[in-house]
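Here are some questions and answers for a reader who is new to this structure.

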Amino acid sequence: MPDKIAITLDVNGKSYDVNVEPRRSLADVLREDCGLTGTHLGCEHGVCGACTVLVDGRPVRACLMFGVQAEGKAIRTVEGLADGDVLHPLQKAFWENHGLQCGFCTPGFLMLAVGALEENPAMSEAELRDVLSSNLCRCTGYQNIVKAVRLAADEMRARRA
Amino acid sequence: MTWIGRSLPRLEDPALLKGRGNYVADHAKGALHVTFVRSALAAGDIVGIERPAEGLVFTGADLDGVGPIRPVLHRPDYRAVGQPVLPVERVVFPGQAVAVAVAASAAEAEDLAEQVFIDIDPIEPILDFDAALAADARAVHPEAPENVLVEGRLETPGFAETVASAHAVVELELRSRRQSAMPLEPRGGVASFDEATGRVTLVASVQMPHMLRTGITDCLGIPESDLRVVAPDVGGGFGQKMSLFPEYVVLVWLARRLRGKVAWIEDRRENFLASAHSRDQAFTVRGAFAADGELLALEADLRSNVGAFSCYPVTCGVEPLMAFGELPGPYRFSQYKVRSRGVTTNTCMMAPYRGVARPMLTFTMERLMDKAAAQLGIDAVDIRRRNLITAFPHRSPTGVVYDEGSYLQAMEAAVAHVDIPAFRARQAEARRHGRCLGLGVSVFSERTGYGTPVFAQRMMGIVPGYESVDLVMDPSGNVEVRIGASPHGQGLKTSLAQLVSDEVGVTPDKVRVVSGDTDATPYGWGTFASRSIVISGGATKLAAVAAATKLRKIAAKLMEASEEDIALEDGYARVAGTNKAMPIPELARAAYHQSQRLGMPAGIRESGFYDPAGTFSNACHICEVEVDVETGGVRIVRFVVVEDAGVVINPMIVDGQIAGGVAQGIGNALYEEMIYDDDGNLLTVSLADYLPPTALEVPDLEILHMETISPESVTKAKGVGEGGTIGAPAAVLNAVADALSPFGVEINVMPATPERIRAAIRNAKVPADA
């Protein structure tokens, strides 16, 4: 077994001291070493996007990045979105618009959309569809995801204004 | 005001949205990890297995006394083939698990598995129908010398005469390539041995927890009480997770053997290789028509490549026998000759996938209608008007009885909504500019909510169908509903809570539905086949009605009123015509704590049992596409669904089922294909090779509803889980065929990939620049 390396990760503003193999993916470190199982693994080869998290504000496939590469960066996962029971506008919009069914892809879509909307809250419908095509959902047929993200974008813009 | 009919946001969602879902991989902490060592070859004799000097590796030879998975079908034409949990003699499909490695982490278990060498003497694999059915074909299994595991045949008296006297015979040869249900969460299980009781708890990503318990304990030869199966949050199933797989038997065996906790979370490659495939079918049909377009007779030769094994419990009969029985669909004709075979090959087992047989048989009947219309010079909608069933109950040539539906009305509503004449004008205009638009219609039935009476006709050794529900109102007035169904994304808990609320008078947030735990729920069949809202919903309603009756009796007693005058609503029992009312929690408390005043048994605890013969939902899909003749790419411009699923409990959830189903149907129609090479290597083992649609390929749907009330469902709801997937491929592919009609090409294979469309155009009778 390869030697483990001690690293400190900053996840959702909290510090995690973990001892991990260099080959361990960020997704596995988050799930198994930090106990943050909201980040899901659907393919482990970077296509489905269920493991999407934000690293320094940008959406990243946590299955394609090593945990040791994430040291010193600000990581955000789905567990950091809500403030207690107060849902993030995106979570609320997904709930109200039935943007999820089995829920397995949902954390990845939420983080993808948070990252994209924080970068550009005024995306066109076509840009939005294009960004959301990064991830796979097998249940919803996407239209409620697109609708939820569009409505959340409106709300996030309104809050900023 | 009722709760039924409201788009109540789902009770399931807050946890899932906050990343607090509870999926099988989230249970793996503290477990040893398991990696299966799989055959790299499609067929061969196992000569030997070399294990590393150190580490925990087990093979079939270690599984002393563990029996095979043996699905039973009591048909004389059925060839029973047992599936060894880990084979010791031979492998019969690529990816078949042969050994298992156990280590402290998944990575270390994979390292260990890499050191296991399985020495296999290869045999040339049999991969498709033609090879399997060739006169001199080798038998995939000695038990089935002709490579046919199940076969149904029927010919109605008068068939030949009817065909001979018909005005025209229209022939079709259609193919559905192999596909995968591809739930986003792959399979997985965590088995823990409990030293105190000697029991094992298996947490697994499955649709049928009780069935899994029966199957596993039968293989291991232990009583069912020694095993608890828990289906936690399940990340999609679509049928793939309703069969028993050898991996789960091994996990429980390992937990007992090691007296510990073991976890197996498969990766995507394993899911593609060795879970279950679907849709691999070839249908040849001949429809005999009268000059006015009336379908008089249908002849069908239906072949399903069921793969290497029969799936447990529903058996490999599920595809071929449903195709056999339900091919006539919503069309009225009396003469039918059919032969349907389940053919075994050295490929992954085929098991149910959303729609089962019906996506292909709908594609078949709807292509047949379009082709006959063209051949007879009749409009494609008119020929359907002439043939759709309109009198109910309708009995099909195979004896299937259809309850009241709105087949014709749904089509007319869809046709009116789309405005076909306007489309034809746009189509003609586009063609003048070299663009190919097309419109496709698909009308179909979705048999839903069928219980034991229908399943019994299939003669399976295990006959599913009924559902039981235990409902308890606790002393605080909250309700717990324990169900045998096992939802995994359908929002059933919310829909059932709405049903209960309307009967019992408490709000849905006070109703907790418990599912997916064999220790906590009555024996049931899980969630599949568009059954849960009908059957589990029916049982829930019956239990809720009984609980409401008891609440009314208690209220009548305590308020000195007549039971008939008590209404339960908004959390209160009210006496009609008075201002007397009591909060329901007070009634509940009295039921438990003041039972001596009531003169009836204490508590509020009722059961419901429901086992219906089933019903039929129906729908019409109309799809508009644009085909790029240069690339063969298809863009879906518009998709209209007119759905009749009876009473809609939660419109948002129902529309979600339709939208998700249509998206899968679009994938099935245009993109998704499992491909083996000639040596039996699966080439599509990643999501870069196997292509489910993304947000760019699926349009926003226009969904309209009709509501036919069926006496066959106590909730008046018909199921809706599969319809989208059943109808969409035919609508999409008819639209593609319509778009390409200037070229005179036929669309006979699904998926109609760009490569196939380009090939069809290249080989067209009319050149592209004509």
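Two strands pair if DSSP finds at least two bridges between them. The model discussed here is predicted.

Q: In what order do the strands of the open sheet of five strands in chain A stand?
A: The sheet is open and its pairing is mixed. Neighbouring strands are turned by 40° against each other on average, direction ignored. Read across the sheet, the order in chain A is β2-β1-β5-β3-β4.

Q: Which strands of chain A stand at the edges of this sheet?
A: An edge strand here has a single partner strand, so one side of it is left without a neighbour in the sheet. In chain A this holds for β2 (14–20) and β4 (58–61).

Q: In which sense do β1 and β5 of chain A pair?
A: Strand β1 covers residues 5–11 of chain A, and β5 covers residues 74–76 of chain A. Val11(A) stands opposite Ile75(A) in β5(A). Two bridges join the strands β1 and β5 of chain A, and their sense is parallel.

Q: At about what angle does helix α1 of chain A run to β2(A)?
A: Helix α1 is formed by residues 26–33 of chain A. This helix lies across β1, β2, β3 (52–55) and β5 of chain A. Its angle to β2(A) is about 105°.

Q: Which strands of chain A does helix α3 lie across?
A: Helix α3 is formed by residues 106–119 of chain A. Its direction is at about 35° to β3(A). The strands of chain A that α3 lies across are β3, β4 and β5.

Q: About how much area do chain B and chain A bury between them?
A: The contact involves 53 residues of chain B and 47 residues of chain A. Of the buried area, 58% is on carbon and sulfur atoms. The area buried between chain B and chain A is about 4,100 Å².

Q: Which residues of chain B lose the most area to chain A?
A: Three residues together make up 19% of what the chain B side buries. They are Leu17(B), Lys18(B) and Leu184(B).

Q: How many salt bridges are counted between chain B and chain A?
A: The side chains of Arg31(A) and Asp26(B) meet in a salt bridge, at 2.7 Å from N to O. For chain B and chain A the count is five salt bridges.

Q: Which element gives the largest share of the side of chain B that touches chain A?
A: The elements of chain B that give two or more residues to this side are α1 (13–17), α2 (106–114) and α17 (651–670). The largest share is eight residues, and it comes from α17(B).

Terms used:
Residues are numbered from 1 along each chain as its sequence is written. Chains are lettered from A and ligands numbered from 1 in the order in which they are written. This is a predicted model: local features need pLDDT of at least 70, side-chain atom pairs count only at pLDDT 80 or more; totals for chains, interfaces and linings use all residues. Side-chain values use heavy atoms; hydrogens and water are left out. Contact means heavy atoms within 4.5 Å. Buried area is the accessible area (1.4 Å probe) that two parts lose on being put together, summed over both. A salt bridge is a side-chain nitrogen of Lys or Arg within 4 Å of a carboxyl oxygen of Asp or Glu. Helices (H or I, at least four residues) and strands (E, at least two) are DSSP runs, numbered from the N terminus. Axes are lines fitted to C-alpha atoms, for helices over the stretch in contact, and angles run from 0 to 180 degrees between N-to-C directions.
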